[in-house]
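Subject: Structure handover

Hello,

Here is the structure I promised you. Please open it and keep it on screen while you read the notes below.

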Number of protein chains: 2
Amino acid sequence: MDLPAYCDDLGKRARAAARTLATVASERKNHWLMESAAALVKRSEEILNANARDLALATEYGLNQSQIDRLRLTPDRIQATAQGVREIASLPDPVGKVLDTSIRPNGLVVQKVGVPLGVIFFIYESRPNVTVDAAALCVKSGNAILLRGGKEAIHSNTAIHKILQDCLLAAELPADAVQLVNPDREIVGHLLKLDRWIDLVIPRGGESLIRRVAAEATMPVLKHYKGNCHVYVDRAADLGMAERILVNSKCQRPGVCNAAESLLVHEEVAPAFLPRAAVALRARGVELRGCSRTRDFVSDVLPASDADFAAEFLDLIISIKVVEGIEEAIAHIARYGSGHTETIVTGDESAARRFTTAVDSSAVLVNASTRFNDGFELGLGAEIGISTDKIHARGPCGLQELCTYKYIVRGDGQIRE
Amino acid sequence: MDLPAYCDDLGKRARAAARTLATVASERKNHWLMESAAALVKRSEEILNANARDLALATEYGLNQSQIDRLRLTPDRIQATAQGVREIASLPDPVGKVLDTSIRPNGLVVQKVGVPLGVIFFIYESRPNVTVDAAALCVKSGNAILLRGGKEAIHSNTAIHKILQDCLLAAELPADAVQLVNPDREIVGHLLKLDRWIDLVIPRGGESLIRRVAAEATMPVLKHYKGNCHVYVDRAADLGMAERILVNSKCQRPGVCNAAESLLVHEEVAPAFLPRAAVALRARGVELRGCSRTRDFVSDVLPASDADFAAEFLDLIISIKVVEGIEEAIAHIARYGSGHTETIVTGDESAARRFTTAVDSSAVLVNASTRFNDGFELGLGAEIGISTDKIHARGPCGLQELCTYKYIVRGDGQIRE
């Protein structure tokens with residue numbers, strides 16, 4: 001295969017599709033979403049057969065049990081994915097939304113209006129339902145998407161892609177709005193240089209993949225590095241509330257990015273809080289790794305290293321540190337945190353204000369679980385990822401964040417003096 | 001000099017300064033701006049002496065006459081620069097601005113709040129007054145800035161930087177909020193890898209500089225490639241208005257990015273419009289380069305090449321094409337345009353709507369000069385550049401665009417089920 005020619009063709013066709021899609025009415029996009037949801041369910045057998053082929057190769061590709069579980073599709077999972085697509089259809093269209101209007105002294109009417117980004121290159125790993133989510137979000141927001149899933153899911157992704165493209169054609173939308181990229185590793189490198197055709201790359205996966213993409217891409221990258229999320233229990237915390245929030249943040253779903261990885265406790269409440277927190281966490285199978293002061297209050301705690309404080313465990317492990325006060329907590333988060341999500345438990349309004357002002361993360365919470373940093377929970381709808389970048393979009397990236405804007409300026413002959 | 005250590009130290013100090021600056025009250029930032037404006041005027045002689053040293057070396061550095069003119073400071077130019085700083089002081093502070101609020105069904109109060117980006121690395125060329133503008137915009141928006149001007153302006157920039165830092169210290173703000181980077185070329189390469197400390201790089205200068213930065217940087221880049229701006233005269237245009245808008249767009253200040261470089265004329269009005277447009281443009285010294293149909297209507301027009309249609313002349317030259325209709329105009333702009341600014345002259349509302357919807361540029365105007373795509377003219381205040389990117393910010397980048405946001409979420413013990 002002539003890789004540069006293949007990549008250039010993909011990009012060029014995506015660009016042409018994006019130009020058409022940018023001015024398509026909401027109704028037509030929503031029609032495609034509803035028809036796709038129906039077709040995914042109706043043609044489940046095609047998808048499940050393809051998925052079985054991927055699953056048969058999974059051990060050969062060295063996938064572990066939790067990776068195999070993420071790769072696996074079932075009739076229920078397909079139903080749930082289709083339901084997600086219907087929900088995207090029901091969300092407001094961000095394209096054409098007037099974000100701001102002003103009238104200048106010379107009579108010019110200036111409007112800031114939402115428009116699609118154009119072409120999005122999405123690189124992701126094993127879960128094939130992500131193929132559907134990403135395509136649905138991109139088309140609804142008027143963008144063409146290049147989908148580059150892993151080779152371990154290629155049969156599932158190909159079957160899903162076929163259904164989505166059939167529905168694009170039936171809806172008289174450009175089939176190239178959703179293209180599947182050959183999973184050859186070298187192709188990624190070529191595509192990352194095609195800023196002529198691609199407006200944004202979104203890598204979703206391990207940190208090494210994301211770092212490679214950030215280093216090689218000549219177009220902008222929307223990154224999601226990791227979620228090393230903190231729960232800070234302040235001097236003025238209600239300790240019962242603190243325990244509930246800690247347990248929920250750590251244990252409700254430990255494998256996701258907004259799960260807590262580290263607990264910081266004000267020294268004044270550490271003697272009362274740490275023993276009960278340890279009991280509650282250990283009852284749920286959590287391993288504790290603490291600073292020396294933590295170990296004064298709780299027995300059998302492993303010593304926490306610098307690496308533990310920086311880690312995203314994504315597992316039933318938590319690092320713990322006793323701090324002298326809120327400023328030390330803020331400094332600790334600045335040093336070890338990943339800018340994802342942090343929460344303070346406190347009854348002191350001035351402590352809450354200091355924490356929310358000084359902590360520089362995509363979401364900073366007061367008296368609530370870190371698990372709420374999620375597009376649905378914040379009322380933003382489905383998301384393509386949670387950005388730990390500060391540029392363009394931060395936190396959950398949904399339809400709005402897949403758009404940019406332009407200024408539309410209307411006059412009646414104004415010229416500049 | 002140990003370059004990596006020098007760069008790491010610069011970045012680390014900028015990061016520390018940014019953390020402090022992020023929570024400083026507006027009054028203190030505005031105080032610094034007003035004091036800096038006063039000090040720049042009061043200490044003009046220091047600046048002018050330093051500028052004289054740069055000017056003495058200018059021919060040695062191979063600067064041409066217009067570059068030397070941009071390098072030159074005068075008491076009037078310093079006064080104007082100081083006035084610009086006072087105007088930035090009067091603009092609203094984007095930090096802490098609540099951009100959105102909602103209350104979730106579970107009682108969580110979700111606020112989207114403006115916060116600084118952090119550390120900005122600004123790379124620019126010869127005009128030393130830009131040093132002041134950029135520092136003022138960054139500090140007002142709570143960001144630390146690394147200023148990397150050209151070696152041809154190093155004495156002027158050093159003198160200005162000294163004054164700004166003295167005022168930072170006097171205002172009890174971190175001096176490292178505004179740092180001047182040694183203009184050694186190798187240093188840029190090192191800094192472009194320090195995504196650990198730098199949140200955004202803004203290169204302002206020639207296309208080759210910007211392409212180099214985009215290719216090498218591991219952090220996001222806010223780019224401004226070029227302004228190949230179009231005036232499209234529609235079938236339904238008022239030809240008198242079209243002539244005024246064309247002349248203003250092309251000639252009012254031909255060396256800037258929002259000046260028109262290309263004229264597209266609907267074939268139905270070409271016989272009536274092109275001869276009068278040619279007279280008006282030639283009266284102002286503009287050279288015409290046209291397609292073959294243009295040359296049927298106007299004598300002595302040079303043939304326009306593909307390169308002419310793609311060019312940003314920044315000079316008294318214009319390319320001209322007769323088009324069959326609005327769709328050909330839109331397609332021509334998609335092919336040759338730079339996504340900066342385009343205007344349609346028309347009395348037909350449906351043509352205006354089609355043009356503003358289908359043309360994908362940072363500003364799309366109707367019956368107004370392209371010269372209005374400017375922060376002040378659109379009512380956005382002073383700008384650090386005009387982005388032709390679509391990510392993060394598009395068009396004029398002022399205080400608001402130097403910020404990101406975070407979600408602040410307040411609860412009373414909410415956990416996720």
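Start with strand 3 of chain A, which is covered on both faces. On one side sit A:V119, A:F121 and A:I123. On the other sit A:I120 and A:F122. Every one of these residues is buried. Strand 3 spans residues 119–123, and five of its five residues are buried, so the strand is largely enclosed by the rest of the structure. One caution before you go on: this is a predicted model.

Which strands pair with strand 3 of chain A? One is strand 4 of chain A, residues 144–148. The two pair in the parallel sense, over five bridges. Look at A:F122 here: its bridge partner in strand 4 is A:L147. Another is strand 6 of chain A, residues 200–203. That pairing is also parallel, over four bridges. In strand 6, the bridge partner of A:F122 is A:I202.

Helix 6 of chain A covers residues 129–140. Together with strands 3 and 4 of chain A, helix 6 makes a β-α-β unit. Is that unit right-handed or left-handed? It is right-handed.

Next, zoom out to the whole of chain A. Chain A has 15 helices and 16 strands. Along the principal axes, its C-alpha atoms fill a box of roughly 70 × 65 × 35 Å. Of the 417 residues in chain A, 53% are buried. Now take the contacts in chain A between residues at least 6 apart in sequence. Of these, 72% join residues at least 24 apart.

Where are the domains of chain A? The domain assignment gives domain 1 as 3–224 + 393–410. Domain 2 is 229–372. Taken over C-alpha atoms, 35 Å separate the centres of these two domains of chain A.

Then bring in chain B. In all, 57 residues of chain B are in contact with 58 residues of chain A. Several elements of chain B give two or more residues to the side that touches chain A, among them helix 9 (207–216), helix 10 (239–251) and strand 13 (363–368). Strand 16 of chain B gives the most, with 11 residues. By class, this side of chain B has 26 nonpolar, 19 polar and 12 charged residues.

Ten strands form it, in the order 1(A)-2(A)-16(A)-13(B)-12(B)-7(B)-8(B)-11(B)-9(B)-10(B). The sheet is open and its pairing is mixed. Strand 1 (98–103) of chain A and strand 10 (302–303) of chain B stand at the edges. Each has a single partner strand, so one side of each is left without a neighbour in the sheet.

Where do the chains join within that sheet? Strand 16 of chain A, residues 403–414, pairs with strand 13 of chain B. They pair in the parallel sense, over five bridges. Find A:R410: its bridge partner in strand 13 of chain B is B:V366. Strand 13 of chain B is also joined to strand 12 of chain B, residues 341–345. Those two run parallel, with four bridges. There, B:E342 stands opposite B:V364.

Best wishes

Note on methods:
Residues are numbered from 1 along each chain as its sequence is written. Chains are lettered from A and ligands numbered from 1 in the order in which they are written. This is a predicted model: local features need pLDDT of at least 70, side-chain atom pairs count only at pLDDT 80 or more; totals for chains, interfaces and linings use all residues. Two residues are in contact if their C-beta atoms, placed from the backbone, lie within 7 Å. Ala, Val, Leu, Ile, Met, Phe, Trp, Tyr, Cys and Pro count as nonpolar, Asp, Glu, Lys and Arg as charged, and the others, Gly among them, as polar. Two strands pair if DSSP finds at least two bridges between them. A residue is buried if 20 or more other C-beta atoms lie within 10 Å of its own, exposed if 12 or fewer, and partly exposed in between; C-beta atoms are placed from the backbone. A crossover is right-handed if, with the strands pointing away from the viewer, the path from the first strand over the helix to the second runs clockwise. Domain bounds come from an automatic or database domain assignment.
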